[in-house]
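Hi,

Here is the structure we talked about, with my notes below it. Have a look at it first, then read on.

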Protein chains: 2
Amino acid sequence: MTRRVSIPLKIGNITVGGNAPVVVQSMTKTDTRDTCATIKQIKQMEECGCEIVRVAVPDREAAAAITTIKQNISVPLIADIHFDYRLALLALEAGVEGLRLNPGNIANPEQIARVVAIAKERVVPIRIGVNAGSLPAKFEPDSSLCKRMVDMALKQVAFLESLDFNLIKISLKSFDVPTTVQAYTAIAQETSYPLHIGITEAGTAWSGTIRSATGIGILLHQGIGDTIRVSLTAHPCQEIRAAYEILKTLKLREYGPTLVSCPTCGRTQVDILPLAEAVDKYLEKINRPLKVAIMGCVVNGPGEARDADIGIACGKGNGIIFKKGEATKKIEEKDFLKTLIAEIDSFQE
Amino acid sequence: MTRRVSIPLKIGNITVGGNAPVVVQSMTKTDTRDTCATIKQIKQMEECGCEIVRVAVPDREAAAAITTIKQNISVPLIADIHFDYRLALLALEAGVEGLRLNPGNIANPEQIARVVAIAKERVVPIRIGVNAGSLPAKFEPDSSLCKRMVDMALKQVAFLESLDFNLIKISLKSFDVPTTVQAYTAIAQETSYPLHIGITEAGTAWSGTIRSATGIGILLHQGIGDTIRVSLTAHPCQEIRAAYEILKTLKLREYGPTLVSCPTCGRTQVDILPLAEAVDKYLEKINRPLKVAIMGCVVNGPGEARDADIGIACGKGNGIIFKKGEATKKIEEKDFLKTLIAEIDSFQE
């Protein structure tokens, strides 16, 4: 898992690319013009670890709301712009730290040049955000979707470079995971700009999370991806939590606790499911890295419990508590949850 | 995504490896000795698409239960054996179509030879199921976990081959995804036996699904994996559904409907979340492949809706219904769910 070397850039105080950790971002789902609701949602997103927030700017009123929003948040803000370049100018004026332009629906070179001039002046990076669903039908109609996405992005990159602008990030999103992977793999070899990765319109919390973990996981494992966004038809905090879980799985970020728990089988003699669910729920409150293992039997139980910070390997009606690799005590089934919570609360590195 | 070429074998009537589709399997979580509960769970598993079922056989009573279980199910059955080779002999006698032996806790060559002799006679494949949590501490203590897992499996493969037995499947599971990926990648180059892949003790439904999708997705994308098992501390049907969702994401299997739905943003002017959730829920009843897109705005909406079998691209208070790529009608927001359900019900290929 060797990471692709990309040119780092700054979105406000957050570095994307280079040696920086893979950055987690998400997007608000409120009406941007409703500053109260939008600020409230951004604060929730900050709290669950969102490092860059993007807001849609579909009209002048939304662009005007950015000033108030920015005064009330601390996370860097990116304006998401489609169709109308003037909204990008207004967003820059309002102080956004990043822009996302969709080359599929903002194509006029003079208009793009006006946005780029101001972005350059303000040192604001632009993401060239290609999306399979908004590629113009007339753009390379006979090529594969992958080639069309890559070519559209490279065409826009060349244009921005011709304006002596290189604060560029690129994304090439599609619902189709093999196509998305192929497109990012291709562009990763063509440029050194940082890549924003994600699977677009991935679906609801359950299927969208699986689709995102599969696609984003494959890319990250190939060393591709400097910032990720999990797109779910769900609250942004669910996107952020899923993003960190993917990054934790690949050991690219540490973020909060990790629960190892066995699937249980005909060998298990205690009721592991509700115990694991209850501990999982309790761990949501914990912000520090902590590995907890809940294991149902003697096959892998002692091994996994020993490998965790806190573990339990269960037998018939009882279990052995492990701490930092050592078996510390034997407890009865009725005390499982209580004891594990006490161990979690009192755990010292 | 070129698939690794493996030697196919048969678990009952199911082919694993070769050109066969990647097979979905899972394991019962009932007490195997409770034949009623176990048969009931296996029937649920069959119904949600499980192609091979594994049961734990921790004692003689569990082994004895297999005869009754087998009389009442149609899916091939694998016995999961640890510690005691005699349970493998009893399971073979009871007619299981496959065995899983853990080389970490069944190591006596004479005992293994006795099992192999009967398995060969009955043409029953054996999975060499290595698990990080049950590797003996004294086995290559100074090597990396990856090397220890691979070496343990290869040692057992060599022993089975020395007995002229080659109905072999291999698994190398660990909670650690990079290690698991590394181990499967290594063994994929060393042997041509089919590989059973999965991430072990992956956790509860949410985090375990993300961990499994990431790890299994990376391997499948490398062409590795002939059968998969998603291990979750949850009902086996959740494991099976997650397995199919991963396979669908990578276009390796078709299985039921697929929902494309946008994450929504400040641009969306209708309430997409409950609509997507309700359609998702409705689609659970549908068994055939069907792609439905629920899109919140004009950016990617028409593109994605056109690409689906049935789609809706929403505007302000209304939406355009697409069928097989054609816009068919404009409907009001109050009719969204009703109309989509009617379109789903009446859809003909």
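What follows is what came out of it, chain by chain and then across the interface.

Two bits of housekeeping before that. This is a predicted model, so to speak of local features a pLDDT of at least 70 is needed, and side-chain atom pairs count only at pLDDT 80 or more, while totals for chains, interfaces and linings use all residues. Residues are numbered from 1 along each chain as its sequence is written, chains are lettered from A and ligands numbered from 1 in the order in which they are written, and side-chain values use heavy atoms, with hydrogens and water left out.

**Chain A overall**

Chain A has eleven helices and 15 strands; these are DSSP runs numbered from the N terminus, with helices being H or I of at least four residues and strands E of at least two. Its C-alpha trace spans about 75 × 45 × 30 Å along the principal axes. Of the 349 residues in chain A, 62% are buried. For that label, buried is under 20% relative accessible area, exposed is over 50%, and partly exposed is in between (1.4 Å probe, protein chains only). Looking at contacts (heavy atoms within 4.5 Å) in chain A between residues at least 6 apart in sequence, 62% join residues at least 24 apart.

**The sheet in chain B**

Chain B has an open sheet of eight strands, in the order β8-β7-β6-β5-β4-β3-β10-β9, and the pairing is parallel. The edges are β8 (168-173) and β9 (196-197), each with a single partner strand, so one side of each has no neighbour in the sheet. Strands count as paired if DSSP finds at least two bridges between them.

Further in, β5 (residues 77-81) and β6 of chain B run parallel over four bridges, with B:Ile78 bridged to B:Gly98 in β6(B). On β6 (residues 98-101), B:Gly98 and B:Arg100 point one way and B:Leu99 and B:Leu101 the other, and all are buried. Strands β3 (residues 23-27) and β4 (residues 52-56) of chain B are also parallel, over three bridges; there B:Met27 has B:Arg54 in β4(B) as its bridge partner.

B:Ile66 is in helix α2 (residues 60-71) of chain B and is buried, at 0% relative accessible area. Leaving out neighbours within four places in sequence, B:Ile66 contacts B:Val57, B:Leu77, B:Ala79, B:Ala91, B:Ala94 and B:Val96. From B:Ile66 to B:Gly296 the distance is 52 Å, C-alpha to C-alpha, and the two are 230 residues apart in sequence.

B:Asn105 is in the loop between β6 and α4 (109-121) of chain B, and its 16% relative accessibility puts it in the buried class. With neighbours within four places set aside, B:Asn105 contacts B:His82 and B:Phe83, plus A:Val299 from the other chain.

Glu140 is one to check in both chains. A:Glu140 has a positive phi, near 45 degrees, in a residue other than glycine; B:Glu140 also has a positive phi of about 45 degrees without being a glycine. A:Glu140 is in the loop between β7 (126-131) and α5 (145-162) of chain A, and B:Glu140 is in the loop between β7 (126-131) and α5 (145-162) of chain B. Relative accessibility is 24% for A:Glu140, which counts as partly exposed, and 25% for B:Glu140, also partly exposed.

**Where the chains meet**

How many residues of chain B are in contact with chain A? There are 78, and they touch 78 residues of chain A. The area buried between the two chains is about 5,900 Å², with carbon and sulfur atoms giving 61%; buried area is the accessible area (1.4 Å probe) that two parts lose on being put together, summed over both. B:Glu201, B:Thr233 and B:Arg267 supply 11% of what chain B buries against chain A, more than any other three residues.

The rule finds two salt bridges across this interface, a salt bridge being a side-chain nitrogen of Lys or Arg within 4 Å of a carboxyl oxygen of Asp or Glu. A:Asp176 and B:Lys251 meet in a salt bridge at 2.1 Å, N to O.

Cheers
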